[in-house]
Amino acid sequence: MKFTLSWLKDHLETDAPLEQICERLTAIGLEVEHVDDKAAYKPFVIAKVLTAEKHPQADKLKVLMVDTGMGAPIQVVCGAPNARTGLVGAFAAPGAYVPGIDVTLSVGTIRGVESRGMMCSEKELDMSDNHDGIIDLPDDAQVGQSFAAYAGLDDPIIEINLTPNRPDCTSIYGIARDLAASGLGTLKAPKAPAFTVSGETPVKVKLDLGEDAHLCPGFALRLVRGVNNGPSPRWMQQRLIAIGLRPINALVDITNYMTFDQGRPLHVFDAAKVKGDLVVRRAVEGEKVLALDTREYTLSPANVVISDDNGIESIGGIMGGEHSGCDENTVDVLIESALWDPMNIAKSGRALGIITDARYRFERGVDPEYMVPGLERATELVLDLCGGTAAKADVTGYAGYTPKQVEFPVSEVQRLTGLTVGAEESIATLKNLGFGVSGSGETVSVSVPSWRPDVDGKADLVEEVLRMHGVDKIAPAPLESHGAVSGKILTTLQIRTRVAKRALASRGMLEAVTWSFISKAQAELFGGGKPALSLANPIAADMSDMRPSLLPGLLTAAQRNADKGFGDVAIFEVSGTYENDTPSGQRRVAGGIRRGNASMAGAGRSWSNSLKGGGKPVDVFDAKADAIAVLEACGVPMGNVQFEAGGPSWYHPGRSGTIKLGPKIVLGHFGEFHPKVLEALDVSGALAGFEVYLDAMPEPKKKATRTKPALELSPFQAVKRDFAFVVDKSVEAGAILKAASTADRKLVTGVNVFDIFEGASLGEGRKSVAIEVTIQPVERTLTDEDFEALTGKIIANVAKTTGGVLRG
């Protein structure tokens with residue numbers, strides 16, 4: 001919202017300087033975004049041409065001697081056809097920036113003659129499009145005077161950032177009212193329009209909206225005969241140009257002026273081009289209209305239009321039609337002042353892609369009580385600037401305004417803001433803003449004015465008092481201390497969420513955030529798709545169901561990365577999944593996937609290293625390692641964890657596993673994905689993933705008070721021993737690892753499979769599993785006898801548990 005300082009002072013009596021006005025605007029919630037103090041026009045002065053001689057080297061150029069009132073005459077080369085001796089115009093010296101041509105002047109030589117400045121046209125000074133000649137001022141214009149001051153170009157322009165809830169300040173009058181209420185000047189009372197009315201307006205208006213009468217609650221129309229539609233006066237053109245509008249003709253300029261001055265959008269029809277009466281109705285599907293912006297728009301029943309016997313003449317509240325627009329030949333004019341539904345205007349404008357000053361105001365809500373007074377004021381301007389005779393206004397549909405009543409306990413100001421504002425000041429502030437106040441005592445009844453549709457309750461009234469009293473008067477204060485927090489702040493689930501994220505990030509995985517909604521087809525692939533989890537109003541067809549798993553979103557995210565050239569991806573997410581529509585059906589899950597060669601394997605001895613080559617594709621064991629990392633970080637007792645072959649249907653049946661704690665508690669799943677699932681998701685590549693259910697983990701047991709340090713490092717060197725066991729092919733390697741690690745929980749600190757071998761030398765249905773056992777002495781250095789005893793325990797335990805025998 002832009003306006004000039006002089007325009008504001010048309011409505012506000014104040015001696016406050018520009019800086020103070022801008023500070024106050026921001027303080028009362030009308031934030032000033034930019035101020036143009038017109039410093040660019042300061043270099044231009046009024047100058048007189050003393051002589052104008054023909055240029056010796058060019059027929060169309062003249063050499064001028066110019067008196068600028070600041071010393072000796074200055075030589076200027078000029079090509080304007082109206083350059084002559086005695087002309088008084090606007091002069092720019094070298095170093096001046098000329099806005100209309102975006103040039104900073106310097107001393108130059110034109111066809112061999114030095115030129116030390118220029119005489120300017122209106123276009124060069126960005127005053128208008130007139131470039132037929134240089135500015136020609138009256139002879140009495142004082143030479144040496146600032147041209148900006150003479151021409152009114154030194155009027156500062158203020159731009160405010162207006163929030164959508166303040167339709168009253170889409171007018172300069174409304175801004176002045178707010179400033180006056182804040183104590184910065186006095187609001188000037190506008191004079192009531194006074195003019196003679198002759199005859200009736202012959203064109204009638206019919207509101208044909210059926211049950212949707214709210215789309216146009218009122219319509220006022222007046223005929224003015226015998227107008228002379230020439231250019232608008234200089235003062236009006238300058239103000240419109242200052243705020244970025246192009247003057248067109250007096251009738252159009254008046255409607256634009258009223259839009260900004262009073263916040264009252266209007267429209268003018270050339271009465272000679274209107275056939276029959278006007279009808280306000282919904283558009284018919286496919287109807288078209290050529291609008292004033294010379295673009296053709298295809299309408300639908302969602303759009304409200306004004307039509308006559310010729311067809312559509314205007315898109316109601318948004319833009320008029322080209323057919324009935326006013327031009328220099330207009331003699332009789334119909335002035336329209338109507339009310340339109342804000343929601344419909346917003347939807348129509350957005351759907352049609354039309355942004356106008358009228359739409360900007362109507363979609364926020366204009367003052368309904370100013371519909372007729374606005375027509376009166378516009379009529380007065382038309383009669384003053386264009387002449388003519390006004391007919392009686394025809395008003396249709398308007399039922400009047402019933403003010404909202406708000407019971408306002410004055411003490412709410414202190415309760416909600418912490419400021420002590422007297423009841424008298426609060427009531428006076430509301431009255432200055434136009435609110436009606438009745439009653440006395442602790443609670444008064446406040447009547448909301450018609451121009452404030454944003455005020456609904458007592459909290460809104462408190463805000464009005466606060467912004468006028470001064471938000472800056474709220475003293476900063478620290479939050480009150482409630483003492484030290486005792487006990488745990490985070491829940492166990494919150495702690496596990498954090499540590500799971502840290503554990504996966506430390507393994508080189510990147511955290512992703514995916515949608516909680518997926519398509520029904522994807523949900524069904526991962527055990528979901530139940531009717532209870534289908535969205536009633538999805539934002540897109542492929543986001544129709546709540547996700548039963550984190551994996552669909554992660555898989556498609558990995559594929560998007562691959563499509564862009566990033567094939568090796570390791571991403572995870574810790575978030576919610578949904579089994580049903582009850583609170584207990586929402587689960588907290590840590591899930592992740594690896595794609596391509598984004599494997600953690602490769603460091604140390606591994607049975608799969610021989611397959612690595614240039615880069616090992618991810619597999620089930622990478623997913624298993626990620627899942628184990630989450631379990632360990634969350635404090636799950638790994639000695640009690642069991643791994644079973646096979647997982648849900650979306651995993652590869654022979655390359656997946658299930659993690660259990662005891663026979664009943666399922667902690668998660670991991671593995672490579674089923675080819676059919678990947679095909680259905682349109683995902684390709686080496687992929688492995690996991691999901692661990694954080695909410696399935698049992699609550700940690702309370703630990704006794706520690707009497708020893710949190711971290712104890714053994715002073716003795718760890719020792720590694722290798723074993724190779726021959727077992728049946730059906731025996732899982734995990735069973736051997738568990739048997740070896742439990743042989744002596746105190747000394748055995750790690751067990752790792754580093755080789756698997758199958759061959760005829762082992763016998764039918766047999767395989768060899770080689771493990772590396774890490775032995776960490778704690779109390780003393782182990783002797784050979786100690787190692788032999790421990791070796792015997794490991795061999796015996798593996799034999800007892802798996803039937804394995806030491807390979808010879």
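What percentage of the 808 residues of the chain count as buried? The share is 47%, where buried means under 20% relative accessible area, exposed over 50% and partly exposed in between (1.4 Å probe, protein chains only).

1. Basis. This is a predicted model, in which local features need pLDDT of at least 70 and side-chain atom pairs count only at pLDDT 80 or more, while totals for chains, interfaces and linings use all residues. Residues are numbered from 1 along each chain as its sequence is written, and side-chain values use heavy atoms, with hydrogens and water left out.

2. Overall form. The chain holds 19 helices and 43 strands. Helices (H or I, at least four residues) and strands (E, at least two) are DSSP runs, numbered from the N terminus. The radius of gyration is 42 Å, well over the 28 Å that the globule rule gives for 808 residues, so the chain is more spread out than a compact globule. That radius is taken over C-alpha atoms, and the rule is 2.2 Å times the number of residues to the power 0.38. Along the principal axes, the C-alpha atoms fill a box of roughly 120 × 80 × 60 Å.

3. Contacts and surface. Among contacts with a separation of 6 or more, 69% join residues 24 or more positions apart. Contact means heavy atoms within 4.5 Å.

4. Largest core. The largest nonpolar core has 106 residues. Such a core is a set of buried Ala, Val, Leu, Ile, Met, Phe, Trp, Tyr and Cys residues joined through side-chain atoms within 4.5 Å. Leu25, Ile160, Ile175 and Trp340 touch the most other members. Helix H9 (residues 371-386) gives the largest share of this core, 7 residues. Leaving out residues up to four places away in sequence, Trp340 touches residues including Leu215, Phe219, Val280, Val304, Ile306 and Phe362.

5. Another core, of 47 residues, lies apart from the largest one. Its members include Leu504, Val618, Tyr651 and Val677.

6. An open sheet of 4 strands runs in the order E41-E42-E40-E43, with antiparallel pairing. Two strands pair if DSSP finds at least two bridges between them. Strand E41 (748-757) and strand E43 (805-806) are the edges, each pairing on one side only. Strand E40 (residues 719-728) and strand E42 (residues 766-775) share 10 bridges in the antiparallel sense. Within that pair, Lys720 has Thr774 of E42 as its bridge partner.

7. Helices on that sheet. Helix H18 (residues 733-741) packs on the sheet and touches E40, E41 and E42; its direction makes about 150 degrees with that of E41. Helix H19 (residues 784-802) also packs there, touching E40, E41, E42 and E43, and its direction makes about 25 degrees with that of E40. Axes are lines fitted to C-alpha atoms, for helices over the stretch in contact, and angles run from 0 to 180 degrees between N-to-C directions.

8. Strands E4, E5 and E6. Strand E4 (residues 45-54) and strand E5 (residues 62-67) run antiparallel, joined by 6 bridges. Val49 has Val66 of E5 as its bridge partner. E5 also joins strand E6 (residues 74-78), antiparallel, through 5 bridges. Leu64 stands opposite Val76 in E6. The hairpin of E5 and E6 has 6 residues between the strands, and Gly69 takes a positive phi near 75 degrees there.

9. Strand E19. This strand (residues 278-282) pairs with strand E16 (residues 205-207) in the parallel sense over 3 bridges. Val205 has Leu278 as its bridge partner in E19. With strand E22 (residues 304-308), E19 pairs in the antiparallel sense over 4 bridges. There, Val279 stands opposite Ser307.

10. Positive phi in loops. Arg111, not a glycine, has phi near 55 degrees. Arg111 lies between strand E10 (108-110) and strand E11 (113-115) and is exposed at 54% relative accessibility. Asp682, also not a glycine, has a positive phi of about 60 degrees. Its loop connects helix H17 (675-681) and strand E39 (687-693), and Asp682 is exposed at 63%.

11. Thr196. This residue sits in the loop between strand E14 (186-187) and strand E15 (197-200). Thr196 is exposed, with a relative accessible area of 66%. Its C-alpha atom is separated by 76 Å from that of Val574, which is 378 residues apart along the chain.
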